[in-house]
Amino acid sequence: MPERTRPKPKNRFEQAYWDALARHQLSLQRCKGCGFVRHPPGEFCPECWSGEFEWQPMSGVGSIVSIIWYMKSLDARFPEVPYNVALVRLAEGPALISNVVGSAFGELKIGDPVRACYSDEMDFTALLFERGSAR
Amino acid sequence: MGTKQALSRRVSIVGVGMTRQGAHGDADGQALALQAFRSAMEDAGIRDKHRIDGLLGAKQFDGSGIDPVLFSRAAGITPSITGALDYATAAFTLHYGAALIASGACDMLAFVYGRNPPGSMVELSGAQEYDLVHGFFNAAAVHGLSWVEHMHKYGTTTDVLGRIAVQSRRHAELNPDAAFREPMTMDDYRNSRSMIWPLREYDVCRMSGGAAAIIMASSEVARDCAKLPIDFLSIGREATHALERGVQMSFSPERRAARQLYEAAGIGPQDVDVLFPYEATTVAAVAALENYGFCEPGGCEAFVGDGSRIGINGDLPMNTHGGHLSGGYLIGLTHHVELVRQLRGECGPRQVPDAKVGLYASGGGIRAQFYHAATLFARGDWNA
């Protein structure tokens, strides 16, 4: 698992996303104009440019689109290897970069079902995933 | 859908110059760039440096690089247009320069770049930070994600990446200006350290020092220059949707950039004599084979075979100078220097027989998007 570097929210929408994660809730903005669920958070919908939206709690389930493993530390901020970085597509549509924890190298593959979990180890909450279907 | 129109003025590369790539002690990038600029001006036979009326530099994500204003001062020239793009690897900047010439804003323009980064010859190149909460950094990571998808979808293996790495090294052995020239075998590749799985040490290019310069001119001005001008035939560009849409980034089956490139030039991949993919990793090189129609999607491993096909005497010689992987990373500029020299017939032991048409193809991830930029170049008698 990598050491984590504190996120730096660039606007109040990103701040709201991280605030929700701190409550162990993955919420993304759903556009009221066209229904598109967007990530990263922002003021306007990238599809229809509407500024009307609601925060929609996500199911937290998804699947692995692709996954890589850092086998050698290439950056002093991330000394602990191996760890993976995965692109996870949520059931609701958007894909997120995260880490799939609790599985060793070789145990994960494209298409595997994953579900959200949360890490409060640092002074912020990180969204992670673990292998498995909806609880 | 309209077809892109030809440029209003033809544009040619009239001079190229570069330093040796590799260890350069404590030399600074701008001083190396000035050496490369001087040799490119000599190559073009331009005695009056004040004929340069446009100067482009390039910066890296850490802010280092060549500032075109500071460089102009160091070179004692006063170009009327200076600039450096936000995303500036070679094709992007050369396309900008070509547009400045085609529009009539400039007649003769130089693109100069040099670097001598900390960690030269040792550290991996590709320093890009995508998501530091999750430890997602280095351009090789994005290529890795793409390659894992490719292997899953087509049953390809990392062996094809090894063939690329080994063939690049063979070419570098023939190039005294290349940074990494010690012989390498497939066994060396297979036994090399896993860095960002599935990519190994030899899949990812390393830092090195060096510089290169390209002088471009309108084709009328080019006639007065010393060497055979190499013409821009066409350009192809494409930006993909962002990573969070979950799309394949390196491999671009829609091939919009390729279609634009070939349609504008009126030729196809079978007309390309020599291919120069910009490769931060070996994945980018095999992606170019598929994206630009040299083989079918998923067909790169069968196409490359034992590697001889992409060698100097193969069907499709590729990165004959050693590429970034063995030649040294310089944002695609050494690829252009070599391409021009190949089409002029100046490459000695690594000369591709009768090379007339060259393709440079790059794809790069910046922030969360992926861009493709490619150029077809040819010598004037290519379709004679």
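**Entry 1: the domains of chain A**

I looked up the spacing of the domains in chain A and found that the centres of domain 1 of chain A and domain 2 of chain A, taken over C-alpha atoms, are 21 Å apart. The model is predicted, with local features needing pLDDT of at least 70 and side-chain atom pairs counting only at pLDDT 80 or more, while totals for chains, interfaces and linings use all residues. Residues are numbered from 1 along each chain as its sequence is written, and chains are lettered from A and ligands numbered from 1 in the order in which they are written.

I noted the bounds in chain A as 8-57 for domain 1 and 59-135 for domain 2; such bounds come from an automatic or database domain assignment. I then looked up the contact, where two residues qualify if their C-beta atoms, placed from the backbone, lie within 7 Å. Nine residues of domain 1 of chain A meet 10 residues of domain 2 of chain A.

On the side of domain 1 of chain A that touches domain 2 of chain A, α1 (12-22) and β2 (37-38) of chain A each supply at least two residues. Helices (H or I, at least four residues) and strands (E, at least two) are DSSP runs, numbered from the N terminus. α1(A) gives the most to this side, with three residues.

I recorded the classes of that side of domain 1 of chain A as six nonpolar, two polar and one charged residues. Ala, Val, Leu, Ile, Met, Phe, Trp, Tyr, Cys and Pro count as nonpolar, Asp, Glu, Lys and Arg as charged, and the others, Gly among them, as polar.

**Entry 2: the domains of chain B**

I found chain B divided into domain 1 (11-120 + 208-222) and domain 2 (129-204 + 233-379). Their centres, taken over C-alpha atoms, are separated by 23 Å. The contact involves 20 residues from domain 1 of chain B and 26 residues from domain 2 of chain B.

The largest share, five residues, comes from α3(B). By class, this side has 13 nonpolar, six polar and one charged residues.

**Entry 3: chain B as a whole**

I looked up the elements of chain B and found 12 helices and 14 strands. I also noted that the C-alpha atoms of chain B fill a box of roughly 55 × 50 × 45 Å along the principal axes.
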